[in-house]
Amino acid sequence: MNSVIFTAAARLLVALLFVFSLFMLLRGHHLPGGGFIGGLIGAVAFIVYSLACGPAEARKALRITPEVIAMLGLGIALLAGLFAFFMGDPLFTGQWYWVGGDSYETAAFSLNSVLVFDIGVYLVVLGGILSLTYAFEEET
Amino acid sequence: MSWVLVMPIAVPFVTAVVAYLARYYPAGRWISLGGSALTLVASAVLMAAVLDQGVIAAQMSNWDAPFGITLVADYLGAVMVVITAITGLATAIYALGEIPEHVEGLGFHALFQILIAGVTGAFLTGDLFNLYVWFEVMLIASFSLLVIGGGKERLDAGIKYVALNLVSTLIFLSGIGLLYGLTGTLNMADLRGSVAELENQGLVTVIAMMFMVGFGVKAAVFPLFFWLPASYHTPYFAISAVFAGLLTKVGVYALMRMFTLVFVGDVGFTHEILIWVSALTMFVGVVGAAAQTDFRKILSFHIISQIGYMTLGLALFTPLALMGGVFYLVHHIIVKANLFFVAGLAKQYAGSTDLNRIGGLYKSAPLLAALFIIPAFSLAGFPPLSGFWAKYLIVKAAIEIDAWFIAFVALLVGLLTIFSMTKIWGMAFWKPHPDGIDPTPDRAPPVVTRAMIVPIAGLATMTIVIGFFPEPFVQFARTAAEQLLDPSDYVTTVLGGQP
């Protein structure tokens, strides 16, 4: 697509979409959001970029192939689930460590395995969607 | 405790991730092989736990049943997991010889491991929606494996396969939705009680039929089997062996589980239909095989015919029949995967799977001929091989309740199976090669044929062992059948102390 306006706007949009996708990822679990929707928005950012600059350029911007991103995400999500083993809980039991309190209401923030799982989902969705759309774009 | 149930699913998933990252290196295939061996160990541990404690269950994420996802293993579930792991290991060895490097680079091993994880998950889950998810995992992985390597024929087969399987999962999913609307639960153990209490049993029977159709497509019973012979003869032999061994059996397992645990309110209606479906499946499958001249197409039609015996075991719904069904399930997976392995090696030697274009294998590969005889005659039900005991139990169960016609059909189909097997024997092994050459595996180095013959020999040994020492296996199948017919253990273990 050879539109100067679109290419110029894409630079702004991509950054904005990407930040928004990370925001959605971090907002998840307690509020609407999470890894799946965040991953979709992140994928949209890269799709906009590939529409503006071509799939070859977009692949370069991604640095790693989308398939590998998806598999890494699967691995991270699995690790988050398997982590419960060391705490003596069944698979995928959420492990929470509250900083400055003991619950969602009182603590400043928390370290937990749920976010790690969500990051895994984020990467699976991002990688999965991008490997599909890149394949379609390169075909034509 | 709960990790015993998780490991047979988690190990292949982890293996898939690592094998995918190493897909361009020779290490990738060894990781896959090692992962398959570990899966077998994990499955053996699960089996030991089940033998020791009876039914075991675990609540994922600590969400209590019936709200969370439950993993549960009874005798049937455990034996299916073990047999899946055995088939997986055999295939991983076979793949060392057969799968070319560029296909490995596309992620063959990762997809294969995900397929095994999906099959294992379907056998272990105690949650209906989770079962649907495992079906999807299997479908995606198997579709990719079916078309991997490319080519018009494979794509054609893949589209037929995925389209018809999607229809089946949609029907299955609609059934799940309706059942959830009626009862408000998807936990299978919980459903048993809730479904029995419903006033509108007519609607339950309708939903039961939806499940029968959904699982029936997966299991390839008459008249829903047409996707199977259209697709199983195209992929790599290692892949078609896994498909032939495991995928349809997941459908049979799901039928067995749902129609012993949940849909038992109107056995006279649902299981009567299953009896006739089974009889027609057996007969149509074997007649279809008689018309084929391709090694793998004959075997594909025989899968269908054999599925009939297993569903018949469920349909007759007596302890003996279910016992025969479980025994048949286990015996068949070993034998069928092995026959597809043999077909692959026969092609390696003789250059084709078209029986009109090959021959002379008996003279040039006597070991392969001997190894073909074992699964082939076991399939046909020759004593003392494993298939004899399986057929014996089913036919005896049919005669016991005076279903003479069904028993007659089962025996007739056995006879026709021998006809097909002798056709392969005569055309591929005995008759001279039509090109007048001695078939040799000249296209492949000896290390390849060695990798391919090891799993064939291993599975053939298992067939012989089951055949000569059937007692422990029959005892095991008896307990499995008892648990299926009286699932009170299953229900209480899953639901814990709750009412």
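Q: Is the crossing of H14(B) and H16(B) left-handed or right-handed?
A: The crossing of H14(B) and H16(B) is left-handed. A crossing is left-handed if the near helix is turned anticlockwise from the far one by less than a right angle, and right-handed if clockwise. Helices (H or I, at least four residues) and strands (E, at least two) are DSSP runs, numbered from the N terminus.

Q: What kind of model is this, and how are residues and chains labelled?
A: This is a predicted model, in which local features need pLDDT of at least 70, side-chain atom pairs count only at pLDDT 80 or more, and totals for chains, interfaces and linings use all residues. Residues are numbered from 1 along each chain as its sequence is written, while chains are lettered from A and ligands numbered from 1 in the order in which they are written.

Q: Back to that helix pair: at what angle do the axes of H14(B) and H16(B) cross?
A: The axes of H14 (residues 319–350) and H16 (residues 366–380) of chain B cross at roughly 150° and come within 9 Å. Axes are lines fitted to C-alpha atoms, for helices over the stretch in contact, and angles run from 0 to 180 degrees between N-to-C directions.

Q: Which residues make the contact?
A: From H14(B) they are B:Val335, B:Asn338, B:Leu339, B:Val342, B:Leu345, B:Ala346 and B:Tyr349, and from H16(B) they are B:Leu368, B:Leu371, B:Phe372, B:Pro375, B:Ala376, B:Ser378 and B:Leu379. By class, the contact of H14(B) with H16(B) has twelve nonpolar, two polar and no charged residues. Two residues are in contact if their C-beta atoms, placed from the backbone, lie within 7 Å. Ala, Val, Leu, Ile, Met, Phe, Trp, Tyr, Cys and Pro count as nonpolar, Asp, Glu, Lys and Arg as charged, and the others, Gly among them, as polar.

Q: What about B:Ala220, buried or exposed?
A: B:Ala220 is buried, with 25 other C-beta atoms within 10 Å. Phi of B:Ala220 is near 60°, a positive value in a residue other than glycine. B:Ala220 is in the loop between H9 and H10 of chain B. B:Pro223 is also placed in the loop between H9 and H10, and a cis peptide bond with omega of about -5° joins B:Phe222 to B:Pro223.

Q: How many helices and strands are in chain B overall?
A: Chain B has 21 helices and two strands. Its radius of gyration is 22 Å, close to the 23 Å that the globule rule gives for 499 residues, so chain B is as compact as a globular protein of that length. The radius of gyration is taken over C-alpha atoms, and the globule rule is 2.2 Å times the number of residues to the power 0.38. Buried residues make up 61% of the 499 residues in chain B.

Q: Then chain A: how many helices and strands?
A: Chain A has five helices and two strands, and from the N terminus on its elements run α-α-α-α-β-β-α. Of the 140 residues of chain A, 36% count as buried.

Q: How many residues of the two chains are in contact?
A: 15 residues of chain B are in contact with twelve residues of chain A. H1(B) gives the largest share of the chain B side, nine residues. By class, that side of chain B has eleven nonpolar, four polar and no charged residues.

Note on methods. Buried ≥ 20, exposed ≤ 12 C-beta atoms within 10 Å, placed from the backbone.
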